[in-house]
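I'd like to talk through some helix packing today, so let me put the structure up.

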Amino acid sequence: RASSSSIQEQTAGSPITRPKRLTLSSTSSLPNYRSLTPPPTRKSNLHLDPFPSEDPLVEQQPELTSKKENLLATEYLGKISRKFILVQETTGGFIRNKLRVNEHSSMEGLKEIFTSIFLPVGYPHSVSEDYLDYQKWDTLQALCSSIVGLLSTQAILTGVGVGEATATPTAAVIQWVLRDGTGMLGRIVFAWMEGTDLDVNSKKWRLVADVLNDIGLALELASPLVPQLFLALACIGSFAKAIVGVAGGATRAAFVTHQATNNNFADVSAKDGSQETLVSLVGLLSGIAFTYTFGHSQLAVWLFFFVFVGLHLFANFRAVGSLVMTTLNDQRAYILFSNYFEDGFPKSTSVPLTPRQVSEEEQLLFYKGHFNSLRPRIDAHVILGSSLADALPADLGVDSTEYGAELKRLAMVYEPFKYLVIVHRKPDIVFRVVFHRQATSVEVFQGAYHCWVLGEMLRQVQEKKLERESVWVEEHRASCYVQKNFSKFLKTLASRGWTTDHFLLNGVASWRADWTFGMYFLQIN
């Protein structure tokens with residue numbers, strides 16, 4: 001109380017201020033901030049960003065006044081194409097450039113997957129124009145060959161005693177090994193005898209190999225019908241079929257080299273193997289279904305065999321015939337030259353045949369014209385890659401001085417070249433071409449061209465007596481002509497679509513010689 005009274009005494013005469021009591025009103029009296037509207041935004045003609053992003057505070061976007069599109073480039077990958085387009089947009093006085101890429105594909109779904117698995121990357125631009133024609137016929141022949149192969153395999157298994165209680169495993173193994181061993185021997189013999197000709201005449205050997213393959217299959221199919229001759233027929237059939245392994249592989253490499261226009265040899269070869277594997281699988285399944293249904297009837301087996309063999313040979317003929325090879329071999333060079341020199345020396349307006357025109361005249365199996373003759377222009381034979389021992393004329397005698405004089409004359413005439421063209425006049429006119437050891441395939445082709453030029457010159461004097469001196473004069477004229485015109489001829493061939501950096505004439509793999517005519521010394525290699 002004392003303290004209370006003292007406080008009252010101290011504050012007497014002065015007013016006492018009491019704090020106001022704070023009371024909360026109801027929520028209805030509070031302002032509703034959600035209902036508040038933002039203040040209006042003042043429009044301005046000043047645009048700091050000509051392409052503003054969407055903003056709810058901006059009432060209106062600038063209007064697009066113009067739009068232009070320009071195609072910059074187009075790229076291709078097989079049937080897929082992309083177009084690069086430059087889009088120029090004008091908005092509110094400002095210009096913006098942007099790049100748009102439009103992709104188009106003519107392949108969809110399973111078709112695109114199938115194409116990527118079985119066709120080379122970049123098809124059809126990465127392969128030759130004849131690729132599709134060849135592959136469709138090659139696929140058909142592979143299917144027929146697979147079916148026929150299954151029929152012959154069934155016959156061989158029957159012949160060795162599969163399913164017979166009296167047959168012993170040892171006898172079956174011996175017969176099978178002898179059959180396979182004969183086939184291995186056939187591969188070695190064929191590669192030794194015809195290995196160098198497989199590149200030169202790849203079309204011919206592809207057909208020959210398939211014919212021999214069908215003959216081998218026929219022998220194997222017939223072998224169980226003659227039990228006493230089973231082993232002999234099976235071995236001969238295996239020998240014939242073995243040629244397909246050598247010739248087929250070699251000619252396939254030549255065809256792939258022709259088809260791989262982008263140097264994509266591995267890709268084209270791999271996709272060709274994938275196609276063949278798929279077709280062989282379909283053929284095996286079809287063959288199994290056929291043998292299960294008609295295998296008990298020999299008449300039905302042989303009937304189907306001849307049908308599929310005929311279809312196989314027809315498809316092979318069409319496949320090989322569809323190829324338009326651009327590399328000159330003996331036969332194609334003969335067709336080219338015989339047409340080019342048909343009316344004598346070509347005029348300035350004369351052009352050689354194209355690869356397709358030559359392909360239409362090319363004989364696949366039996367042909368008379370290949371590069372061993374200059375007919376019909378002149379009745380003369382040509383031997384590319386002759387040995388010097390055979391080429392030196394026999395009428396020179398045994399005097400070494402006369403041989404030395406002849407070699408000196410040849411050195412002067414053929415000094416610019418890597419070959420010698422030695423003419424034999426008796427009993428028939430024969431041109432023997434001896435190539436230098438360093439001669440390339442282009443110079444081998446030049447030697448063949450030289451023979452036609454010289455033959456045309458000799459034809460003009462053939463009505464007279466063809467003496468040695470007249471031959472010497474024409475040899476000199478022909479050398480001057482070739483030295484002046486051969487380079488132009490190569491450029492013309494290239495413009496017509498021919499490959500001019502390598503050739504496949506028989507003289508490429510032949511006798512070669514080193515000579516040093518300054519010393520009248522010559523060494524045969």
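This is a predicted model: local features need pLDDT of at least 70, side-chain atom pairs count only at pLDDT 80 or more; totals for chains, interfaces and linings use all residues.

Let's start with helix α3, residues 131-159, and helix α8, residues 265-294: they pack at an angle of about 40 degrees, and their axes are 8 Å apart. So that makes α3 oblique to α8. As for handedness, α3 and α8 cross in a right-handed way. If you sort the contact of α3 with α8 by class, you get 12 nonpolar, 10 polar and two charged residues.

With 30 residues at 1.5 Å a residue, α8 should span 44 Å, and its end C-alpha atoms sit 42 Å apart, which agrees.

Okay, next pair. Helix α4, residues 169-194, packs with helix α7, residues 230-259, at an angle of about 40 degrees, with axes 7 Å apart. α4 and α7 are therefore oblique to each other. The crossing of α4 and α7 is right-handed. Who makes the contact? On α4, the residues include Gln-175, Leu-178, Arg-179, Gly-183, Gly-186 and Phe-190, and on α7 they include Phe-230, Ala-234, Cys-235, Ser-238, Lys-241 and Val-246. By class, the contact of α4 with α7 comes to 13 nonpolar, five polar and four charged residues.

That's my bit, happy to take questions.

Technical notes:
Residues are numbered from 1 along each chain as its sequence is written. Side-chain values use heavy atoms; hydrogens and water are left out. Axes are lines fitted to C-alpha atoms, for helices over the stretch in contact, and angles run from 0 to 180 degrees between N-to-C directions. Helices (H or I, at least four residues) and strands (E, at least two) are DSSP runs, numbered from the N terminus. Angles under 35 degrees count as roughly parallel, over 145 as roughly antiparallel, 65 to 115 as roughly perpendicular and the rest as oblique. A crossing is left-handed if the near helix is turned anticlockwise from the far one by less than a right angle, and right-handed if clockwise. Contact means heavy atoms within 4.5 Å. Ala, Val, Leu, Ile, Met, Phe, Trp, Tyr, Cys and Pro count as nonpolar, Asp, Glu, Lys and Arg as charged, and the others, Gly among them, as polar. The expected span of a helix is 1.5 Å times one less than its number of residues.
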